[in-house]
Amino acid sequence: MFSYFIRRFLGLLPVLFGVSLLVFTIPRVIGSDPARIMLGERASPESYQRLRLELGLDAPYFVNFPEARTQGVAGLLDAQYPHFVGRALRGDLGKSIFSRVPVVSSLEHFFPATFELTIVAMFFAVVLGVPLGIVAALNRGTVLDTAVMFVALAGVSFPVFWLGIIMIYVFAVGLGWLPPSGRLSPTIVFHSTTGFYVLDAITQGRWEVLWNAVKHLVLPGIALGTIPLAIIVRMTRSSMLEVLGQDYIRTARAKGVERRVVVNKHALRNALLPVITVIGLSFGQLLSGAILTETVFAWPGIGRFVYDAISSRDYPIIQGGVLFIATMFVIVNMLVDFSYAFIDPRIQYT
Amino acid sequence: MTTPAASLGPEDHVEGRSLLQDAARRFRRHPTGVTGLAIIVFFVAVTILAPVLRPVDPLMINLRDRMLPPTWTMSSQELEQKNLHRWSFPFGTDVQGRDMLVRVLYGGRISLRVGLEAVAMAALVGTLLGLIAGFFGGWLDTFIVWFVDILLAFPGILLAIAIVAALGQSLLNALIAISITYVPVYIRIVRSVTLSLRESEYVQAARALGSRSTRIIVSHVLPNGLSPLMVQLTLSIGTAILDVAALGFLGLGARPPTPEWGAMISDGFGRFRIAPWLSIVPGIAIFFSVVGFNLLGDAIRDVLDPRLKN
């Protein structure tokens, strides 16, 4: 099993290499010139050249043959891409063109907000989705089943950002039950040490802050959670139906095991494995879905951070943000694969 | 493909029915599939017939009637005051006084067409690459699989956003970007079908008889990959419509006066406290058209592969 883990991990490397290559190449193929964006059209040629040199934009893209002749391999790698990867591995994704703030520290700053939102969305999707899927499977073909499946269909057919707008309109503007945007009401003074407001509010015993933060999480959490909810409902239902048709379920029923026990103990445990895959995959999807949700709810997370960078063409942020989200996604998928080994002992890794 | 004996009625004992005829028969008995198809036909028809149904320019500015709510929600007094009919503007007007009904109809032309074209392009490129990878194998296969893995490392709409961010904002770039994100799915499907068929006995036999690779691909491999391709195609059109709208909403697709559903929602977003219909109406249009494609996709899956149905 250990060798499987190692191989799966090593398999990530070519993918991450490709991802970094793509992220590096796209802005350069298009010929966007960061030095020009930073200085504007009216800068003097001297300051423009100085900045290009400072940013290393005069070096060749991938390999530096002239340098290789005098300095060997080290000279060959004196090019933009090797430098980009080298710095990224050391946790340096460059600086914002405008604010000059390192991209990594911005990502660190905005990540907790996105992560908190993602957890809430996932919680909503699982807590509602798994029971709904089970209910639909147990009542297959009835009105209840049709209703649940319709909800699942609707969940993947709404534009998430539109659902967000409607929810703001109904629950924030119309009924006034929940706040329309942001993480905390502006009147609240709160110093968060980790960036996770819910966690910090609990550890600091600030219950009014906790309540306020939770209220802010409800609408964006539900909006972001709709698509995974719909997928989890469908997956749970079809997986349950498949397991319920197995011989050992019939055996259990035939020997007089209570229906509740058959469902909870015999069927559900076996049916949940594919559901866990979906949960894992959705987790990464949520990170990118957050770009839309965070824009609608003015949620100060990575998604909105990257989106703002696109509007201002701040390409180190776009590059760093995209690289970060893709890397997270790939790693989460690997962890999902690993988790099987512990959840399902039938799976043999060789 | 065989039909399970249990689902055959007495009138079904007919010899020599083709796969397509068989599928069409099953489809007609599939209520949700028929509903989905009806929704799609409705949307396609009204968007194509838009100039006939409502001969008004979707870009025409009419400042006298700006920001009107759907006129059927207005009181008779208000209508009289503004000299309007109860059904003058059934979906209201926008901030420039443009008719929302016309804009939604014309928006459908863009959203549906771009969704369709993006998926068609992706399916074409993906099928070709999938065939090459599966049929010829070797380093080409390794390279294509690597390429697929890289593209799949970008979750959801992220890759499309990154591509448009680099290419620049335009509807065509949005189409290209969305198309690229859908390519890996088709490569995977076609490659796996091709791999399993390559070693099958009838392909081996065709090869032994001297058939060339292209002939084997066209007459043996492609027809067998058609069912999963069709299902995937229909389902992707729905999500592609959502993606087009998402890029439009983020300001990465169609430019503002162009009536595109996502851009229209974005336009209404800033004003939804005073004019909610501006974002509600295009959202409903997106919802129903996507529902149509999702219903149809599910039905096609049931119909083409009865073994999968549960």
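**Exercises on a predicted two-chain model**

In chain A, the centres of domain 1 and domain 2, taken over C-alpha atoms, are separated by 36 Å.

**Exercise 1.** Determine which helix of chain A gives the most to the side of domain 1 that touches domain 2.

*Solution.* Start from the division of chain A, in which domain 1 covers 2-89 and domain 2 covers 106-343. The contact takes 14 residues from domain 1 of chain A and 11 residues from domain 2 of chain A. On the domain 1 side, helix 1 and helix 2 (34-39) of chain A each supply at least two residues, and helix 1 of chain A gives the most, with 10 residues. As to composition, this side of domain 1 divides into 11 nonpolar, 2 polar and 1 charged.

**Exercise 2.** Describe the side of chain A that touches chain B, by helix and by residue class.

*Solution.* First take the extent of the contact, in which 38 residues of chain A meet 35 residues of chain B. Next list the helices of chain A that each supply at least two residues to this side, namely helix 1 (2-29), helix 8 (160-174), helix 10 (207-244), helix 12 (259-296), helix 13 (302-312) and helix 14 (315-343). The largest share, 8 residues, comes from helix 12 of chain A. Finally, sorting the residues of this side by class gives 29 nonpolar, 8 polar and 1 charged.

**Exercise 3.** Work out whether helix 11 and helix 12 of chain B are roughly parallel or roughly antiparallel.

*Solution.* Helix 11 (residues 261-269) and helix 12 (residues 277-304) of chain B pack at an angle of about 155°, with their axes 7 Å apart. Angles over 145 degrees count as roughly antiparallel, and therefore helix 11 of chain B is roughly antiparallel to helix 12 of chain B. The crossing of these two helices of chain B is left-handed. Among the residues that meet are Trp261(B), Met264(B) and Phe269(B) in helix 11 of chain B, and Leu278(B), Pro282(B) and Ile286(B) in helix 12 of chain B. Overall, the residues of this contact divide into 8 nonpolar, 3 polar and 1 charged.

**Exercise 4.** Locate Leu178(A) and explain why it is classed as partly exposed.

*Solution.* Leu178(A) lies in the loop between helix 8 and helix 9 (197-203) of chain A. A residue is buried if 20 or more other C-beta atoms lie within 10 Å of its own, and exposed if 12 or fewer do; Leu178(A) has 18, and is therefore partly exposed. Leaving aside neighbours within four places in sequence, Leu178(A) is in contact with Phe171(A), Ala172(A), Lys215(A), Val218(A) and Leu219(A).

Methods
Residues are numbered from 1 along each chain as its sequence is written. Chains are lettered from A and ligands numbered from 1 in the order in which they are written. This is a predicted model: local features need pLDDT of at least 70, side-chain atom pairs count only at pLDDT 80 or more; totals for chains, interfaces and linings use all residues. Two residues are in contact if their C-beta atoms, placed from the backbone, lie within 7 Å. Helices (H or I, at least four residues) and strands (E, at least two) are DSSP runs, numbered from the N terminus. Ala, Val, Leu, Ile, Met, Phe, Trp, Tyr, Cys and Pro count as nonpolar, Asp, Glu, Lys and Arg as charged, and the others, Gly among them, as polar. Axes are lines fitted to C-alpha atoms, for helices over the stretch in contact, and angles run from 0 to 180 degrees between N-to-C directions. Angles under 35 degrees count as roughly parallel, over 145 as roughly antiparallel, 65 to 115 as roughly perpendicular and the rest as oblique. A crossing is left-handed if the near helix is turned anticlockwise from the far one by less than a right angle, and right-handed if clockwise. Domain bounds come from an automatic or database domain assignment.
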